[in-house]
Amino acid sequence: MPHPPSVAAESVPAAPLPRQIPYIIGNEACERFSFYGMRNILVEFLAASVLLAALPILDRQGYAKDIFHTFVIGVYFFPLLGGWLSDRYFGKYNTVLWFSLIYCAGHACLAMFEDSRSGFFTGLFLIALGSGGIKPLVVSFVGDQFDQTNKSRARVVFDAFYWIINFGSFFASLLMPLVLRNWGAAWAFGIPGILMFIATLIFWLGRKQYVNVPPSGPDPDSFLSVVKTALTRGAPGLGTIMAALAILVATLMLGLWATGASLWPSGWGFVITACLALGTLIGGVGWGASLQLERARGAHPDAAIDGVRAVLRILIVFALVTPFWSLFDQKASTWVLQGGEMVMPTFSSLPDGVAGFLRGWFASPSQMQALNPLFVMMLIPFNNLVLYPALRRFGFNPTPLRRMGWGIAFSAVAWVIAGAIQLQLDAGANLSIGWQTWPYLLLTFGEVLVSATALEFAYSQAPHAMKGVIMAFWYLTSTFGGLWVLLTNVTVRHPTVIGWITGQGWSENAFLMFFFAGFAAVAALAFIAYARRYPVQDNYRKA
């Protein structure tokens with residue numbers, strides 16, 4: 001069955017670009033430098049810092065990874081809070097501005113408390129809260145600046161938006177590891193804080209030109225109201241039983257963790273437990289509501305019920321994307337630590353002066369992460385100007401869902417190559433860190449197909465009253481991606497599992513890389529199967 005064309009292709013091509021867009025793009029460039037500047041040096045800093053000095057040397061890298069992925073889980077959990085506050089009470093502009101100030105305070109804590117666990121972790125919490133709070137809103141705020149007359153420009157702007165994210169990330173990934181090494185942690189975390197303040201200022205300067213779609217406020221026909229009616233109206237049905245069972249199981253999980261019961265795995269701390277409980281609630285209540293959604297007709301408008309059905313369909317798409325993020329976010333942890341085992345380039349084939357200059361600029365495995373944004377900036381125009389037109393000429397329409405499915409598959413291939421590199425390292429080979437270029441290229445190609453596409457897809461599919469929340473659910477996919485990483489790491493550390501892996505002649509790192517590659521491959525097949533029957537919507541606002 002052929003897929004419908006992209007929703008953005010139906011409007012007037014010559015429509016002007018909204019003049020307020022540069023303020024949002026400028027804000028995003030500085031904010032992304034700020035975020036990736038601290039994020040991409042976090043594992044390298046923690047593994048060598050006094051914050052983990054009490055741990056055995058061999059355990060520090062593992063704990064640094066756990067702290068990093070716990071932070072990422074927080075960053076992508078708090079969009080639920082930001083989206084809810086924006087949609088119901090404050091609107092996108094005010095919510096973004098206020099959370100940005102919290103974000104700035106978090107950077108200040110990192111810069112001032114590099115030797116204090118409580119101060120440093122408070123800073124990470126504030127950054128997770130601030131960054132997460134604005135994350136679903138800036139993207140949907142971009143979408144609010146368009147209507148049916150100029151939505152053809154939206155896809156271009158979403159791509160430009162994603163390109164500028166990577167422009168900021170590129171320079172942050174390249175420069176901040178050098179600042180950390182040469183100037184210390186205070187400057188390495190302080191400079192991103194300065195950029196975040198500039199980002200906030202730029203956003204504030206455009207305040208008089210933005211299209212501000214008012215918050216919906218309390219809504220008797222909201223997503224949760226319709227779901228509640230569907231589950232409670234009439235005699236309890238199968239959907240009601242499923243939702244009640246999900247609530248019971250989620251409560252039991254939290255209770256077992258809180259009481260320290262022996263039935264609950266000791267390595268599953270609060271973050272893992274809370275994420276599992278949240279996933280159980282979303283899955284069980286959502287599935288139950290979908291079975292009984294027609295019960296809500298008559299109590300709510302048909303448009304509200306159809307909107308809830310659309311959101312529930314989107315959540316299935318989002319759930320199938322979570323394995324991609326479990327792979328993608330590990331480039332800042334697992335791949336950085338792998339790069340530490342590899343040989344840094346000497347540039348010996350170049351003249352001495354040039355070689356010395358390059359060695360001075362490229363001295364940390366964390367800098368390999370600069371390849372990701374660099375490739376993004378190259379691949380987005382290549383895909384739009386060369387690859388997608390060529391595919392259409394051959395009769396293949398690269399719809400958003402098709403691109404996302406193939407993107408997950410390419411990420412799996414990237415991790416197969418990373419695993420092959422790890423096998424060589426485990427065998428004692430001295431490999432140049434340049435070999436990581438190949439997995440970075442494939443993972444980035446997958447990212448462009450998944451994440452850049454999803455920015456447009458998620459906005460276009462969400463009904464107006466739920467745009468902020470549905471964007472929050474999109475970012476929640478990264479929370480569950482981080483959850484899969486933490487669960488896998490805890491499981492692999494069990495002596496029985498370690499013994500089995502060792503008995504097969506594998507190292508822990510090599511096993512994990514091939515495991516995650518297989519995980520993504522299975523997810524890609526499931527995503528492609530579901531996408532074939534997904535009914536695409538068009539929810540851009542009218543002029």
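User: What should I know about the model before we start?

Analyst: It is predicted: local features need pLDDT of at least 70, side-chain atom pairs count only at pLDDT 80 or more, and totals for chains, interfaces and linings use all residues. Residues are numbered from 1 along each chain as its sequence is written, and side-chain values use heavy atoms, with hydrogens and water left out.

User: How is a pair of aromatic rings described?

Analyst: By the distance of the centres and the angle of the planes. Rings of Phe, Tyr and Trp (its six-membered ring) pair if their centres lie within 6.5 Å; planes under 30 degrees apart count as stacked, over 60 as edge-to-face and the rest as tilted. Here, a search of the whole structure finds 38 aromatic pairs. One of them joins Phe-45 and Phe-189 edge-to-face, at 5.3 Å centre to centre with 85° between the planes.

User: Which parts of the chain does that pair link?

Analyst: Distant ones: Phe-45 belongs to helix α2 (residues 42-48) and Phe-189 to helix α7 (residues 185-205), 144 residues apart. Helices are DSSP runs (H or I, at least four residues), numbered from the N terminus. Both Phe-45 and Phe-189 are buried, where buried means under 20% relative accessible area, exposed over 50%, and partly exposed in between (1.4 Å probe, protein chains only).

User: Which residues do ring pairs link into a cluster?

Analyst: The cluster includes Trp-335, Trp-415, Tyr-440, Phe-480 and Trp-484.

User: Where does a charge sit over a ring?

Analyst: The test is that NZ of Lys or CZ of Arg is within 6 Å of the ring centre and within 35 degrees of the ring normal. Arg-403 has its charged end over the ring of Tyr-388, 4.9 Å from the centre. Likewise, Arg-207 lies over the face of Trp-204, 3.7 Å from the ring centre.

User: At what angle do α1 and α7 pack?

Analyst: Axes are lines fitted to C-alpha atoms, for helices over the stretch in contact, and angles run from 0 to 180 degrees between N-to-C directions. Helix α1 (residues 21-39) packs on α7 at about 165°, with the axes 8 Å apart. The two helices are therefore roughly antiparallel; angles under 35 degrees count as roughly parallel, over 145 as roughly antiparallel, 65 to 115 as roughly perpendicular and the rest as oblique.

User: Is Thr-322 buried or exposed?

Analyst: Thr-322 counts as buried because its relative accessibility is 7%. Thr-322 is in helix α11 (residues 302-328). Leaving aside neighbours within four places in sequence, Thr-322 is in contact with Thr-477, Phe-480, Gly-481 and Trp-484. Phe-480 and Trp-484 also belong to the ring cluster.

User: What about His-69?

Analyst: His-69, in helix α3 (residues 57-77), counts as buried at 1% relative accessibility. Its contacts beyond four places in sequence include Asp-329, Gln-330 and Val-485. His-69 and Ser-326 are 257 residues apart in sequence and 9.4 Å apart in space, C-alpha to C-alpha.

Key: Contact = heavy atoms within 4.5 Å.
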